[in-house]
Amino acid sequence: MKHFADLILFAVLFAITINGSKSACGYESCPQSVSNLINIHLVPHSHDDVGWLKTADQYYYGHRQNIQHASVKYIFESVVSELIKDPSRRFIQVETAFFAKWFVDQPETTKQIVRKLVDEGRFEFTGGAWSMNDEGAVNYQSVIDQFTLGLKFLDENFGACGRPHVGWQIDAFGHSREMASLFAQMGFDGEFFARMDHSDKDVRLGNLGLEMIWDASESLSNLEFFTGMLYNHYSAPPGFCFDRLCGDDPIIDEESYDNNVKSRVDDFLNYVAGVAEHYRSNNILIPMGDDFHYENAQQNYQNMDKLIKYVNQRQADGSRYNIFYSTASCYLNSLHKGLQTWPNKTQDFLPHSNEAKSYWTGYFTSRPTQKRFERDGNHMLQTAKQLSTFANLSSDKQTKDLDYLRQVMGVMQHHDAITGTEKQHVSDDYDRLLYDGIVGAENNARDALRVLTNLTNGEFESCMQLNISVCAFTKDSADDVVVTLFNPLAHTSTQYVKVPVKDESYEVTDEKGTIIASEVVPVAWQVLALEHRSNDTQHELIFKASVDKIASYYITKSKSSRKSGRWTLPGGKSEDTVLETSLIKLVIDKDTGRLKSVEMNGISEEIEQIFAVYKTRESCHYIFRENDEIEVLTDDVEFSVYDGTLVKEVHQHVNEFISQVIRIYEGVNRVEFEWLVGPIPIDGDVGMEVITRFQSSISSKGVFYTDSNGREMMKREKNKRESFDPDLSIQPTSANYYPVTSRISLNDGSRRMSLLNDRSEAGTSMEDGRLELMLHRRHVFHDGSGADEAINEEQFGKGLIARGKIQLVLNKVEVKNTIPERLAEKEIHLPFSKFFSKRNTATSKAIVKTLPDFSDFPQSVHLLTLEPFSKNEILFRVENFLDHNEGNVVSFNIRSIFDSLGGVEIRETTLDGNLPLSEMKRLKFYHDGAGARPTTAEYFTATHKPLAADKSQEVSEFSVTLQPMQIRTFIITYE
């Protein structure tokens with residue numbers, strides 16, 4: 001890299017000579033548009049997937065080029081080399097995961113050059129999160145975390161000039177309204193993307209609607225967010241890709257027979273003229289880049305220099321085109337200055353479809369075990385962050401372990417990770433990264449719990465195979481085992497705990513020695529039959545635990561005979577099977593063995609649950625294509641019943657690859673369905689999508705609701721979209737599938753049925769009263785695009801087996817009756833963390849550190865984040881998780897929490913934690929029909945007075961008010 005080193009030396013000398021010059025970044029550095037010309041914003045960029053066809057490291061280092069030629073490391077070096085040659089050149093950088101990896105390894109001279117380029121607005125960060133996240137399968141908590149991580153790195157290394165102004169979601173497979181809401185809450189001015197339903201795009205091309213104002217929340221005010229759709233995906237104009245990965249002609253301007261300046265400029269301007277016809281402004285954005293472009297940036301920039309030169313030369317002859325290097329934010333700033341109005345958008349851009357036969361709905365479910373593992377990663381991350389804060393963990397190793405899981409979770413939000421759209425070897429690498437990250441964070445949890453409990457030498461082992469009822473810590477004996485439970489939620493939570501044990505008698509006591517009711521329940525035989533499962537334990541000890549933040553429960557073997565429920569095989573019974581707790585009554589059909597009816601919350605409803613498969617020949621990682629009519633599995637279900645005191649279970653065997661346990665707990669007002677699916681059989685070229693369906697008599701009239709990334713609910717209408725007619729000619733079922741990351745529901749005037757799930761799944765309602773979720777999928781088809789291989793996951797040489805849970809809630813349709821569903825969502829997303837130790841590690845002399853008391857929080861307030869931030873700083877987020885229909889404005893005081901954390905000062909920030917809320921100034925755009933057009937540019941600022949206080953001030957200064965769905969973010973500086 002001698003050439004790069006020479007350029008670095010040149011740049012250092014150049015920087016020294018102009019050291020006294022004033023630099024400007026952000027909007028101040030933007031080139032000026034010309035009012036009477038069409039201004040072409042040429043935006044150089046490279047889209048760098050943090051894993052897809054190759055692993056993230058393979059992409060970074062340029063390894064395995066036989067799969068795909070891509071070397072992100074050399075893109076940075078090449079781009080920096082070219083930017084320093086000409087102050088007019090620009091480049092936007094999006095994925096902080098790659099940039100951070102490169103930047104920290106650079107010598108100080110290189111870092112100074114990059115900082116200068118950033119300070120001058122020539123190397124501009126856009127998006128800025130750790131990865132370019134998906135918007136269908138993600139949960140909002142993990143999206144916020146990965147933006148916090150990426151923007152923090154940029155802030156620490158580049159200050160205000162490193163802060164992005166716009167989102168750049170160009171490769172996500174559809175777009176959620178919640179993502180727009182999060183952008184606005186972080187202070188972003190707008191976003192751009194490149195995927196939209198083909199029918200929607202056709203309509204918008206015709207009515208100048210490709211750029212719009214998105215009302216990003218039904219509950220929160222001032223979240224109107226500018227959103228723009230790129231004209232030609234995110235690629236350079238056809239014929240003008242000057243990258244080494246393309247074969248387009250260069251611009252030849254020398255004395256040569258092949259001189260092609262005139263024809264190349266003519267072609268370019270003809271293209272631009274076509275683009276300009278579909279946009280309202282005299283400014284248009286032309287992206288110049290694609291996947292992993294600019295490894296040889298010299299080739300790109302030299303040709304773009306010529307394009308700019310010769311296009312602008314034509315102005316002397318009356319040309320109306322003005323072209324210059326720009327960025328996405330500079331383009332947006334030009335639109336803002338134009339004081340135009342824009343069409344309105346209220347719903348989302350899901351599902352995505354690029355053609356009538358291709359609705360990108362399969363990825364909502366693809367790789368179901370990895371989708372669940374990602375949730376486990378978030379669960380451990382939130383646990384480790386809170387515990388690290390409480391115990392004030394600060395060693396280099398502890399900080400490194402926590403940061404590593406943060407970074408891995410940032411990678412997992414990538415639109416080819418959580419989606420399951422990557423190659424299999426990349427999926428395996430994601431699993432490896434996530435496993436290592438969880439193990440490191442478990443070490444932090446152990447270190448913290450040794451400080452925060454009397455188990456000063458406790459092992460605090462966590463069992464990652466509890467989903468198949470396996471725990472190495474209890475496989476030989478659960479005698480004298482301590483189960484320490486950590487509650488990541490703000491409020492005291494009561495949940496049932498399951499511990500894998502041998503078939504023996506046990507007694508469970510709490511920390512006061514009080515005996516806790518428990519029972520030993522057999523594990524379903526289909527789980528015991530899993531290949532390579534250790535069968536040392538074939539039962540589970542179940543007890544109910546109530547936890548504020550941390551509580552330990554003690555298990556000992558009992559000499560008395562084991563008390564357990566009745567185990568029956570109801571085959572051949574003349575009557576239906578009834579299971580009943582104090583809150584719920586279930587009826588299982590005597591003939592079919594399937595669920596027949598549910599009674600709860602004063603409603604009795606006939607609900608039949610079935611399993612079914614779509615046999616498909618053309619589905620892939622991204623796309624669900626229905627080739628034949630759905631095949632309902634109609635054979636009678638074999639079942640057995642466990643009728644206990646704390647829990648009642650129906651163990652169903654549907655067929656050779658589907659089984660299920662229906663479960664109701666005493667005192668829990670929802671029905672649990674724990675499904676086990678796989679290996680899905682393959683028949684020649686035919687794959688399968690496995691679904692479950694709940695049919696009721698509720699007259700839903702084609703309307704149902706799905707969550708948006710775990711936050712607000714979106715109204716869905718069968719076969720309809722907000723502003724266009726979807727193409728239903730080939731794939732009507734797939735066209736009606738939506739992402740369900742936490743909840744799907746339907747109702748009529750009196751009854752409501754909801755399903756809550758434990759990972760992202762595709763869901764729909766194709767008939768009145770019916771809810772459907774896709775659980776698992778396996779295929780042998782691939783169409784040569786995307787991952788270029790079938791989604792045919794295997795383990796131990798056979799098709800992958802997945803296990804998961806669905807919770808059913810039946811209720812009356814009344815105001816605020818959805819609040820229990822909101823509470824259940826939080827418990828499902830962040831249940832107790834379980835840690836196992838031996839009883840002899842406890843000591844009565846231990847001085848246990850006092851934890852903050854969150855009991856003053858109103859019931860609708862969620863502790864969204866509590867984590868170590870910077871040195872002597874804690875990041876603290878609170879959320880009112882009820883929407884405007886369910887909840888009210890709530891107020892509470894956080895002074896006691898501030899004091900318990902050793903607080904000295906507190907300041908409020910934007911959602912990401914990196915910008916003081918008092919400094920937030922967001923571009924304001926106007927809807928069509930909003931009244932008189934503004935005469936000067938206007939801005940959004942904070943809707944309330946940002947909290948800023950120190951420990952010398954009165955308690956009243958620490959009051960926090962939350963509107964429904966509002967999140968507020970604070971940085972606490974402590975001693």
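User: Is Asp 589 buried or exposed?
Analyst: Asp 589 is buried, with a relative accessible area of 15%. One caveat: this is a predicted model.

User: What does Asp 589 form a salt bridge with?
Analyst: Lys 596. The closest N and O atoms of the two are 4.0 Å apart. Lys 596 is partly exposed, at 33% relative accessible area.

User: How many salt bridges does the structure hold?
Analyst: It holds 72. One of them joins Arg 751 and Glu 605, at 2.7 Å from N to O. That pair links distant parts of the chain, 146 residues apart. Arg 751 lies in strand 37 and Glu 605 in strand 25.

User: And are Arg 751 and Glu 605 buried or exposed?
Analyst: Both are buried.

User: Which salt bridge do Arg 432 and Asp 429 make, and where do they lie?
Analyst: Their side chains meet at 2.8 Å, N to O. Both residues lie in helix 14, residues 424-452. They are three residues apart, about one turn of the helix. Residues three or four places apart point the same way, because an α-helix has 3.6 residues a turn. Arg 432 counts as partly exposed at 41% relative accessibility, while Asp 429 counts as buried at 15%.

User: Which residues are linked in a network of salt bridges?
Analyst: Lys 498, Glu 540, Glu 649, Arg 663, Glu 672, Glu 674, Arg 803 and Lys 805.

User: Switching to helix 9. Which of its residues are buried?
Analyst: Val 261, Arg 264, Val 265, Phe 268, Leu 269, Tyr 271, Val 272, Val 275 and Ala 276. Seen down the axis, the buried residues of helix 9 fall within an arc of 160°, so they line one face. The face turned away from that side carries exposed Lys 262 and Asn 270.

User: What do the buried residues of helix 9 pack against?
Analyst: Strand 1, strand 8, helix 10 and strand 9.

Technical notes: Residues are numbered from 1 along each chain as its sequence is written. This is a predicted model: local features need pLDDT of at least 70, side-chain atom pairs count only at pLDDT 80 or more; totals for chains, interfaces and linings use all residues. Side-chain values use heavy atoms; hydrogens and water are left out. Buried means under 20% relative accessible area, exposed over 50%, partly exposed in between (1.4 Å probe, protein chains only). Helices (H or I, at least four residues) and strands (E, at least two) are DSSP runs, numbered from the N terminus. The arc is that of the directions from the helix axis to the C-beta atoms. Contact means heavy atoms within 4.5 Å.
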